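Q: How does one read the features of a protein model, going from overall make-up to single residues?

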Amino acid sequence: TNFTISSPADAVIGRYNLILQVTSGNKIFSRFLGQFVMLFNPWCPGDDVYMANEDERQEYVLNENGIIFVGNAKYIEARGWYYGQFQDPLLNICFTMLDLSLYYRQDPAIDVSRRGDPKYVGRVISSMINGNDNDNGVLLGKWQGNFHSHENPSRWDGSVVILQKWRQDNYKPVQYGQCWVFAGVMCTVLRCLGIPTRLISNFNSAHDVDRNLSIDKYYDSSGKSLNISKDSTWDYHVWNESWFIRRDLGTSYNGWQVLDATPQEQSK
């Protein structure tokens, strides 16, 4: 006898045990058939991450290599980056990442029940890529001073070695990361879980801390700059976009969704 098993398109991702149970009269026989892994499926029209174009699926899900653009608006530099999302240990590392998150520790049942929602998983992963909020995250960010015995962010050229080091060091944040490193690692994790993801580079970037839609600079009456604004500007910033629909916002918001793992301020 042949059986076909189909999962719901919104099934929770993770590892599953497959057990065959046969009832005959008042007797029940159970047999463990094995384990399987459930991921998001960009090839499945019913999945929230469904991507209709095969060329885009090849690029944003299956491609293990990419280019990250850094530098400044007048001199843009292209850095090669190895995502390596299909390398052997990474799937286990990605699932462990979900289980180490503050979301899971606060309420395991609710957290796991929401893992069929790419919007929720994207939020959890974006929090876990950085360790600046004391959640055993993957990378510690540092932008000033010297790096001494730890890795200068500019020397990383791929995600696999970072994620492996994080696991080998018993999930202690790897030192150090900056925006393009956070974005490269997050792209690896989300593609590994089946969520189409890409990197975005923005030049002449700014961070509007007080949310008044302007970057404020203050001067005294003699024209001397006053260092009282928390707004900041820099040459460039790199973040991620992931492809999924937004049932919560309506169809006009379906498509590329912004996720930023760089720990500028705590995400709400």
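The turns below go from the whole chain to sheets, core, cysteines and backbone details.

Q: What kind of model is this, and how are residues numbered?
A: The model is predicted; local features need pLDDT of at least 70, side-chain atom pairs count only at pLDDT 80 or more, and totals for chains, interfaces and linings use all residues. Residues are numbered from 1 along each chain as its sequence is written, and side-chain values use heavy atoms, with hydrogens and water left out.

Q: How many helices and strands does the protein have?
A: Helices (H or I, at least four residues) and strands (E, at least two) are DSSP runs, numbered from the N terminus. Here there are seven helices and eleven strands. The C-alpha trace spans about 95 × 45 × 35 Å along its principal axes.

Q: What percentage of the residues count as buried?
A: Buried means under 20% relative accessible area, exposed over 50%, and partly exposed in between, with a 1.4 Å probe and protein chains only. By that rule 41% of the 268 residues are buried.

Q: What share of the contacts links residues 24 or more positions apart?
A: A contact means heavy atoms within 4.5 Å. Among contacts with a separation of 6 or more, 62% are between residues 24 or more positions apart.

Q: Which strands form the open sheet, and in what order?
A: Two strands pair if DSSP finds at least two bridges between them. The order is E7-E10-E11, with antiparallel pairing. E7 and E11 (255-259) are at the edges with a single partner strand each, so one side of each has no neighbour in the sheet. Neighbouring strands are turned by 35° against each other on average, direction ignored; the axes are lines fitted to C-alpha atoms, for helices over the stretch in contact, and angles run from 0 to 180 degrees between N-to-C directions. Ten bridges connect E7 with E10, and Phe 203 stands opposite Tyr 236 in E10.

Q: Which strands does a hairpin of two residues join?
A: One such hairpin joins E3 to E4. These strands run antiparallel with eight bridges, and Gly 71 has Ile 76 in E4 as its bridge partner. The hairpin of E1 and E2 also has two residues between the strands, and Gly 25 there takes a positive phi near 65°. Eleven bridges join E1 (residues 14-24) to E2 (residues 27-38), again antiparallel, and Ile 19 stands opposite Phe 32 in E2.

Q: Which residues touch the most other members of the largest nonpolar core?
A: A nonpolar core is a set of buried Ala, Val, Leu, Ile, Met, Phe, Trp, Tyr and Cys residues joined through side-chain atoms within 4.5 Å. In this core of 49 residues they are Met 97, Ile 125, Ile 129, Ile 162, Trp 180 and Val 238. Elements that each supply at least two core residues include E3 (65-72), H2 (90-100), H7 (179-192) and E10 (232-244). H7 gives the largest share, eleven residues. Leaving out residues up to four places away in sequence, Ile 162 touches Trp 81, Val 138, Leu 139, Trp 156, Val 174, Val 181 and Val 185.

Q: How many disulfides does the structure hold?
A: A disulfide is a covalent bond between the sulfur atoms of two cysteines. The criterion used is a pair of cysteine sulfur atoms within 2.5 Å, and the structure holds zero. For Cys 94 the nearest cysteine sulfur, that of Cys 192, is 3.8 Å away; Cys 94 is buried at 1% relative accessible area. For Cys 187 the nearest cysteine sulfur is also that of Cys 192, 11 Å away. Cys 187 is buried too, at 0% relative accessibility.

Q: Which peptide bond is cis, with omega near 5°?
A: The bond from Gln 175 to Tyr 176 is cis, and Tyr 176 lies in strand E6 (residues 174-177).

Q: Where is Asn 136, and is Asn 136 buried or partly exposed?
A: Asn 136 is in the loop between H5 and E5 (139-141) and is partly exposed, with 30% relative accessible area. Its phi is near 60°, a positive value in a residue other than glycine. Asn 170 likewise has a positive phi near 60°; Asn 170 sits in the loop between H6 and E6 and is exposed at 62%.
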